[in-house]
Amino acid sequence: MPFVHANDLDLYYEESGAPDATPLVLMHGGSGSLDDAEASWSALIPTFAEHYRVLALEHRGHGRSGNPAGRLSYDLLATDLRAFVDALELGPVHFAGVSDGGITGLHLALDNPEILSSLVCVGTNFRVDEPIREALRNAEPETAERLFPQWASDLARRHDRHHGAGYWRELMRQIVAMASTSPNFSEADLARITTPALFIAGETDPFANTEQMIAFKRHVPGAEWLIVNHAWHTVQHTHADLVGPRILDFLDRQTPS
């Protein structure tokens with residue numbers, strides 16, 4: 001199985017598409033993994049691989065990737081991603097992230113824009129507001145087990161087999177702790193993003209809610225957006241037929257002939 005040792009940990013990834021094509025790096029959402037269809041890009045990877053060299057990454061502490069720090073932060077995830085791109089000598093790359101993956105992309109766009117050709121964010125927020133805090137309360141492991149037992153079982157299946165029994169609970173605590181207080185970007189920060197960017201969200205997404213999406217469109221220079229009616233957080237999975245062509249059109253316009 002392919003791992004890259006970067007930033008003092010082993011990151012698991014899967015690659016598809018032509019090795020000499022333009023790289024497209026994908027990150028799933030928080031609590032997800034590459035075998036979690038809803039939080040990952042699995043519905044679109046075959047289509048993307050017809051056009052790009054696709055590298056789908058399991059980020060720190062998720063799935064098969066390690067987390068020797070024993071904590072999560074978006075700064076760490078962004079440093080990992082930069083180290084991953086450098087280790088495989090990929091840059092500059094197209095990058096697309098879901099939820100926490102998209103927030104990681106925002107950090108790169110602000111701190112390391114030279115490694116990005118474009119940025120696609122699905123279900124991504126730039127600051128924490130009350131709808132997000134409310135959604136995160138349901139992600140606490142004890143609450144998840146009570147209200148969403150099937151989801152809790154899926155989390156255990158995906159993560160415990162790689163990290164030990166009960167690991168998923170600690171992972172969720174780390175995710176909730178990170179996402180409850182960050183990111184904390186301002187509109188002025190958004191205005192500093194020079195990477196061509198596409199923001200995608202479901203109409204009822206509590207994370208990339210209407211206020212946040214309007215701010216992306218208003219403040220990120222040249223930003224494009226897609227809001228999918230009657231859709232929730234992981235529209236890259238539930239509405240792949242709409243999201244996929246929109247992303248490919250965007251990437252094609254950012255790829256040199």
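Is Ala-240 buried or exposed? At 15% relative accessibility, Ala-240 counts as buried, because the cut-off for buried is under 20%. Keep that one in mind as you go through the close-ups, which all come from a predicted model.

**Figure 1. Ala-240 and the residues around it.** You'll find Ala-240 in helix α11, which covers residues 240–254. Its contacts, leaving aside neighbours within four places in sequence, are Ala-43, Leu-44, Val-235 and Pro-245.

**Figure 2. Thr-234, a buried loop residue.** Thr-234 sits in the loop between β8 and α10 (235–238). With a relative accessible area of 8%, Thr-234 is buried. Once neighbours within four places in sequence are set aside, Thr-234 is in contact with Glu-38 and Ala-39.

**Figure 3. Helices α2 and α3 crossing.** Here helix α2 (residues 74–87) meets helix α3 (residues 100–111): the axes come within 9 Å and cross at roughly 75°. That angle is why α2 counts as roughly perpendicular to α3. On the α2 side, the contact is made by Tyr-74, Asp-75, Leu-77, Ala-78, Leu-81 and Arg-82. On the α3 side, look for Asp-100, Ile-103, Thr-104, His-107 and Leu-108. Sort the residues of this contact by type and you get 6 nonpolar, 2 polar and 3 charged.

**Figure 4. Zooming in on Leu-77.** Leu-77 belongs to helix α2. How buried is Leu-77, in terms of relative accessibility, and what is the value? The value is 2%, so Leu-77 counts as buried. Not counting residues up to four places away in sequence, Leu-77 touches His-59, Arg-60, Leu-72, Thr-104 and Met-178. For a sense of distance, the C-alpha atoms of Leu-77 and Ser-33 are separated by 15 Å, and these two are 44 residues apart along the chain.

**Figure 5. Helices α6 and α7 packed together.** Another helix pair: α6 (residues 149–163) packs with α7 (residues 167–181) at an angle of about 105°, with axes 7 Å apart. That makes α6 roughly perpendicular to α7. From α6, the contact takes in Trp-151, Ala-152, Leu-155, Ala-156, His-159, Asp-160 and His-163. From α7 come Tyr-167, Trp-168, Leu-171 and Met-172. The contact of α6 with α7 divides into 8 nonpolar residues, 2 polar and 1 charged.

**Figure 6. The two sides of helix α9.** Which residues of helix α9 (residues 210–219) are buried? They are Gln-212, Met-213, Ala-215 and Phe-216. These cover an arc of only 160° around the axis, so they are on the same side of α9. Over on the other side of α9, Thr-210 and Arg-218 are exposed. The buried residues pack against α3, α4 (130–137), α8 (187–190), β7 (197–202) and β8 (224–228).

Figure 7. In soluble globular proteins, nonpolar side chains tend to be buried together. The largest nonpolar core here has 38 residues, and the members that touch the most others are Val-25, Leu-81, Phe-84, Leu-106, Phe-199, Phe-216 and Val-220. Helix α2 gives the most to this core, with 5 residues. A second, separate core has 27 residues, including Leu-26, Trp-41, Val-235 and Leu-251. Now pick out Leu-106: beyond residues up to four places away in sequence, Leu-106 touches Leu-119, Cys-121, Thr-124, Asn-125, Phe-126, Phe-185, Ile-193, Phe-199 and Phe-216.

Figure 8. Most residues other than glycine have a negative phi, and most peptide bonds are trans. The bond from Gly-91 to Pro-92 is cis, with omega near -10°, and Pro-92 lies in the loop between α2 and β5 (93–98). The bond from Ser-182 to Pro-183 is also cis, with omega near 5°; Pro-183 is in the loop between α7 and α8. Asn-7 isn't a glycine but has a positive phi of about 55°. Asn-7 is in the loop between β1 (3–6) and β2 (9–16) and is partly exposed, with a relative accessible area of 28%. Ser-99, not a glycine either, has a positive phi of about 55°. Ser-99 is in the loop between β5 and α3 and counts as buried at 10% relative accessibility.

How values were computed: Residues are numbered from 1 along each chain as its sequence is written. This is a predicted model: local features need pLDDT of at least 70, side-chain atom pairs count only at pLDDT 80 or more; totals for chains, interfaces and linings use all residues. Side-chain values use heavy atoms; hydrogens and water are left out. Axes are lines fitted to C-alpha atoms, for helices over the stretch in contact, and angles run from 0 to 180 degrees between N-to-C directions. Helices (H or I, at least four residues) and strands (E, at least two) are DSSP runs, numbered from the N terminus. Angles under 35 degrees count as roughly parallel, over 145 as roughly antiparallel, 65 to 115 as roughly perpendicular and the rest as oblique. Contact means heavy atoms within 4.5 Å. Ala, Val, Leu, Ile, Met, Phe, Trp, Tyr, Cys and Pro count as nonpolar, Asp, Glu, Lys and Arg as charged, and the others, Gly among them, as polar. Buried means under 20% relative accessible area, exposed over 50%, partly exposed in between (1.4 Å probe, protein chains only). The arc is that of the directions from the helix axis to the C-beta atoms. A nonpolar core is a set of buried Ala, Val, Leu, Ile, Met, Phe, Trp, Tyr and Cys residues joined through side-chain atoms within 4.5 Å.
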